[in-house]
Amino acid sequence: MKQVLSLNINGHDRDVMVSHEDLLVDVLRDQLGLIGTKKGCGHGSCGTCTVIIDGEAVLSCLTLALSSQGKKITTIEGIEKDGALHPLQQSFIERGAVQCGFCTPGMIMSAAALLSHNKSPSIEEIKIGLSGNLCRCTGYVKIVDAVEVAAAKMRQLDAAQKGA
Amino acid sequence: MTTDDTKRYAWVGKSIPKVDAAAKVRGKAIYTDDISLPGLVYAKIKGSTVPHGRIVKIDTHKAEALPGVLAVIVGDPTTMKPYSVNNYLPTEQALASGKVRYYGEGVAAVAALDEKTAERAVSLIEVEYEALPFVLDPREAMEPGKPLLHDFAERNINYKGEQDFGDVDKAFAESHLVMENHYYCSYVSHAFLEPQSVVADYDTVKGHLTVHTCIQLPHYFHQTLSRALELPMERIRVIVPTVGGGFGGKTEATPASLVACILSRKLGKPVKITYDREEVFQQNKGRHPAYMRMKMGFDPEGRITACDFDNTLDGGAHSSWGFVTLWFSAALTQLPYKLPNVRFRGRRIFTNKPTTGAQRCLGGVQVRMSMESLLDEAAQKLGIHPFHIRMVNAVETGHQTQAVFDVRHSELKRCIETVVAKSGFCEKYGKLPFGRGIGLACGHYSTGGAYLLYKSNRPHSTANIRVDTEAGTTVFVGATDIGQGSTTVLTQMVAEVLGLDLAEIHIVCQDTTLAPMDNGTYDSRVTYGAGHAVKRAAIDARDKLFGIAAIKLDVNPEQLECAGGFIYATYSPKKRIAFREAVHQYLSTVGPLFGTGSYTPPQPSGDYQGKLIGPTPAFGFTAQVAEIEVDVETGKLKIIKYWEAGDCGKAINPMSVEGQVEGGISMGLGQALFEEMKMSKEGKMENPNFHDYRIPTTMDMPEIDATIVESFDPTAPFGNKEVGEGPVGPVIPAILNAIYDAVGVRITEVPVTPERILRALGKLDQPSKNKL
């Protein structure tokens, strides 16, 4: 039996029709048109479906839509602010961290969750933070670099805000 | 621009972010599975549960009776014509009829209102098989009396080939040293992250089919659809959405793409099929496992006197890129070293496994593994340094191989010198503490093939440009961007010729109705071939504008240039007219402004079996060094650091080049260390998921130091050559050579698991199953 469920996604409450077995990734993609969240394996092993739920990076292909009720869900579509790209999005573009782009949204969401907990991660910590997100194109070199660059930029922005 | 005047370039040679990167980081890029059309329905395929069997009966009644099911189809030899990528020895069908040849081969399909209903219906289909004996090992499959997959293929030999250049036996007899060894290169898959997906939309009124799918070669796919569906090409439109990685794996029609078309034609509704990850692995078309014997002769200085290469390729169940891979493996022995005598004996064998096909550095990974390993073995015997044995043999500009491949430009020696200097190879080789080692290997790859997959003399790339005041500059070109960045580099090239800003150039590609024919994204040919086509089209349009500008500025049109949005006189730059203004004048006084350009590669001039495959307009080169550490107690291997120096001609976009090199090394490293498709004794793939088929993660990647060696190929549109495939080749042998330096054992099979290392060290005693 399907039921109406209200999910808080990217700051808005959205009503969706779900059954007990529906996965969050499918609800995001098929019902809400949030196709930036990808489905690369369906088994929780590639990371392309990563979203942020209550501040933590979560695999939406292993998450039941029903269990997401009452939580704050952020997808790749929700990390821009007033039309301005998130520093991670900007650095992924500028540092050449994007090739086919299929891993990119999940990679950025994992990196965003990492940077929300650790503002100055070491290269090793970045690697650990992204180790659940597969990329077949880049060899990760430019991705790790982009996260480092974005982290520095975000620290600068933080400092400027505090100063102001 | 036939000489290297790169310092004057505004866009070529600059590390420009990819033109589609912003859409991708915002989650706005549309991949095939993201497409939804009005009235879209979903289909699923029922895969076989035996690796070889006759289909006795398929009962679809229960599936048909399930509410929401719209159609159920089964394999039918009259409506599902056999196909292959080049229509040579076509063996594959949308759905198998008669018998199945690998576990997972489709036998029936269901279209339903939603995906879950289609899945449920597929599970209700009952198939009865008469199980047939099967073969999984190509060496066994060739033996007399073994079960045959296809009636036409005696002893399961799909294709075999021989090449002889010079007198190999005489050269061996006269050689100072002759070395020989056997190597096994493993069964791996592309593991692109986007599973193949298709949306087929047949208009029953117009009799017209539109297919949206992630395909690297829309032109060949278009032809396959036309033949298999018996529809003229002009009634089919192939649209390629954003492609989530290909690496060769999206070069052929998937059975699902044909099934979706058949169902859409039957129902008059758009039909979507997206593979799950297990289906992606079962459809495979990845690298051919190879059982290789490499034999080479040497003079006292280490010069190669002869090369004798024997290669048995495991083709899996169907033809795919089989004969191309076989001949490529022959062709790739011809370089990057000077070989006066060469012999090749090869065969591609059918087995009851997921089919192998084209994977990045096709044919090259196998050949490089054997040749670069044996070169080090010979150097050791001769008492010559691995660096010197490569320098003495490396090809130079102007070299012609025995198979009549012209190396019009090579900086291989500088690549070797650079990578050796940067890595400290000479200071470290043979001098690191036990357990730690360093290895060197070289490679090359073709830059665009000289052949079409069908008999035709037409250009391999074509481009049209429309210039006006409404849409600006629009380039129609058949190239497919699979993530490597072709749209970006083609934009840079057109902006360079016309002196415009990148944002003023709009590329329309990946659509067989809008964009003219292009061979497609394979064989590292796009930046070179499609690059020539767009450059020529841009020059064609520009020269028309120069005619108008010359009158306006009172200058000879040959003394005009484009830069910064202006057309100006070369020798009196103050005389200028805005590009936009010149376009306006042209439209008012002459009419519509179009330019066109095409590219046809030089044709092969050799006269031997397989001559069409291998000769290419240019070759990219690469030299690589791996420093590694082996734990002799556990057999675990760690890559400490990796160096590469490459000759890709002029790098149109250095940041993109680095990305190709780093990604290529990563793919090579995965195959070297842990990737392998494993088959059970029952002929079923044991690890069709990313938990058990592990590809490199952030934690597996060493620091990579990649250097672009300054270079310029005068035959290329802007001096550029390939970089997408060559860098994969040397990774395995660089690591194997480093292992020898570290612990003194020669490993000849990949992946180099801890078990293989311990066995080589004599700490385990079971024999290897893949040893020839």
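The side chains of A:Arg29 and B:Asp34 come together in a salt bridge, with N and O 2.6 Å apart. A salt bridge here is a side-chain nitrogen of Lys or Arg within 4 Å of a carboxyl oxygen of Asp or Glu. The model is predicted, and local features need pLDDT of at least 70, side-chain atom pairs count only at pLDDT 80 or more, and totals for chains, interfaces and linings use all residues. Residues are numbered from 1 along each chain as its sequence is written, chains are lettered from A and ligands numbered from 1 in the order in which they are written, and side-chain values use heavy atoms, with hydrogens and water left out.

Between chain B and chain A the count is nine salt bridges. There are also 23 residue pairs in polar contact between chain B and chain A, both residues being at pLDDT 80 or more. A polar contact is a pair of N or O atoms within 3.5 Å; within protein, one must be able to donate a hydrogen and the other to accept it, and residues adjacent in sequence count only if both atoms are side-chain atoms. As for secondary structure, helix H1 (21–25), helix H3 (115–124) and helix H17 (654–673) of chain B are the elements that give two or more residues to the side of chain B that touches chain A. Helices (H or I, at least four residues) and strands (E, at least two) are DSSP runs, numbered from the N terminus. H17(B) gives the largest share of that side, eight residues. By class, the side of chain B that touches chain A splits into 22 nonpolar, 15 polar and 12 charged residues. In this scheme Ala, Val, Leu, Ile, Met, Phe, Trp, Tyr, Cys and Pro count as nonpolar, Asp, Glu, Lys and Arg as charged, and the others, Gly among them, as polar.

In terms of contact (heavy atoms within 4.5 Å), 49 residues of chain B meet 47 residues of chain A. The size of an interface is often given as the accessible area lost when the parts come together. For chain B and chain A, about 3,800 Å² is buried between them, with 59% of it on carbon and sulfur atoms. Buried area is the accessible area (1.4 Å probe) that two parts lose on being put together, summed over both. On the chain B side, B:Val25, B:Leu193 and B:Thr698 lose the most area to chain A, together 19% of what that side buries.

Helix H2 of chain A (residues 87–94) is mostly covered, with six of its eight residues buried. Buried means under 20% relative accessible area, exposed over 50%, and partly exposed in between (1.4 Å probe, protein chains only). The buried residues of H2(A) are A:Pro87, A:Leu88, A:Gln89, A:Ser91, A:Phe92 and A:Ile93. They pack against helix H3 (104–117) and helix H5 (141–163) of chain A, together with H1 and H17 of chain B. Just after H2(A), A:Gly96 takes a positive phi of about 70°.

Chain A itself is assigned domain 1 (3–78) and domain 2 (87–163), the bounds coming from an automatic or database domain assignment. The C-alpha centres of domain 1 of chain A and domain 2 of chain A are 22 Å apart. Across their interface, 17 residues of domain 1 of chain A are in contact with 15 residues of domain 2 of chain A. The rule finds zero salt bridges between domain 1 of chain A and domain 2 of chain A, and four residue pairs in polar contact (both at pLDDT 80 or more). Strand S3 (50–53) and strand S4 (56–59) of chain A each supply at least two residues of the side of domain 1 of chain A that touches domain 2 of chain A.

Chain B is assigned domain 1 (9–29 + 458–599), domain 2 (32–132 + 195–243 + 250–283) and domain 3 (290–450 + 607–760). Domain 2 of chain B and domain 3 of chain B have C-alpha centres 36 Å apart, and 21 residues of domain 2 of chain B are in contact with 21 residues of domain 3 of chain B. The area buried between domain 2 of chain B and domain 3 of chain B is about 1,800 Å², of which carbon and sulfur atoms give 63%.

B:Thr521 counts as buried because its relative accessibility is 7%. Its side chain reaches the backbone oxygen of B:Thr480 at 2.5 Å.
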